[in-house]
Amino acid sequence: MPRFFRRLAEGVFDLEDLLMRTNELADFVESAAQYYKIDINNIVAVGYSNGANIAASLLLLRPKILAGAILFRAMVPLVPETKPDLSSVSVWIGAGAYDPIVPVSNAKELAALLRGAGANVTIRFSESGHELTQADVDIAHEWLTRLK
C-alpha cells in the first residue's frame, strides 16, 4: 500500500526512510506556508494510522512545523536522539482499545513521549479496533474547536 514512508513489517518502520520523508514533508509544509502566506503557528496536522505516524514524527523531529496534531491510531514512530521542545504544542490522540495494530501500551507510550517533551496531550480510547469511528471524529472536532 502507498504510505508516507517505508516499513519493514507491520509496526516496524524503516527509520532511515522515515527520517528522510519526515524532513521532506517538513520542508514542503514550510515552503507551502510561506508561498500561501499561512501562519505556520496555526498549522494542526490531522492523520490516521500511517499519516498520524508521520505527523508524530514531525512533532518529534521538526517541532516548529506544527502547532498541534490530531493523531488517530498512531504509534511511536521513533524516539528522537534529542528531546524536542513541544511546550507550545497541543496533541489529541485517538486510540482503539482493541486495536490489533497499535496496542494500548504503544498509544500510551506515544502520549508519554510527547508529554515528556512538554506537549499538552489528550488521549482517548474508543471501544474499537484500528478503524476510525464517527465518535473519534466528533470528539477530535470538539477538541480542535476548543484550541482557538
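Predicted model: local features only at pLDDT ≥ 70, side-chain atom pairs only at ≥ 80, totals over all residues.
**Entry 1**

I found 4 strands forming an open sheet with parallel pairing, in the order 3-4-5-6. I then asked which strands stand at the edges. They are strand 3 and strand 6 (120-126); each has a single partner strand, so one side of each is left without a neighbour in the sheet.

**Entry 2: strand 3 and strand 4**

I next examined how strand 3 is joined to strand 4. The two run parallel, and I noted 5 bridges between them. Within this pair I located Val44, which stands opposite Gly68 in strand 4.

**Entry 3: the helix on the sheet**

I looked up which strands helix 3 touches. Helix 3, residues 104-116, packs on the sheet and touches strand 4, strand 5 and strand 6. I recorded an angle of about 170° between the direction of helix 3 and that of strand 6.

**Entry 4: positive phi in two loops**

I turned to Lys37, in the loop between helix 1 (15-35) and strand 3 (44-48). Lys37 is not a glycine, yet I noted a positive phi of about 55°. Is Lys37 buried or exposed? Lys37 counts as exposed because its relative accessibility is 73%, and the cut-off for exposed is over 50%.

I then checked Arg73, placed in the loop between strand 4 (68-72) and strand 5 (90-96). Arg73 has a positive phi of about 60°, although this residue is not a glycine either.

Methods:
Residues numbered from 1 in each chain as written. Heavy atoms only, no water. Buried < 20%, exposed > 50% of the residue type's maximum accessible area, 1.4 Å probe, protein only. Pairing = 2+ DSSP bridges. Contact = heavy atoms within 4.5 Å. Axes fitted to C-alpha atoms, helices over the stretch in contact; angles between N-to-C directions.
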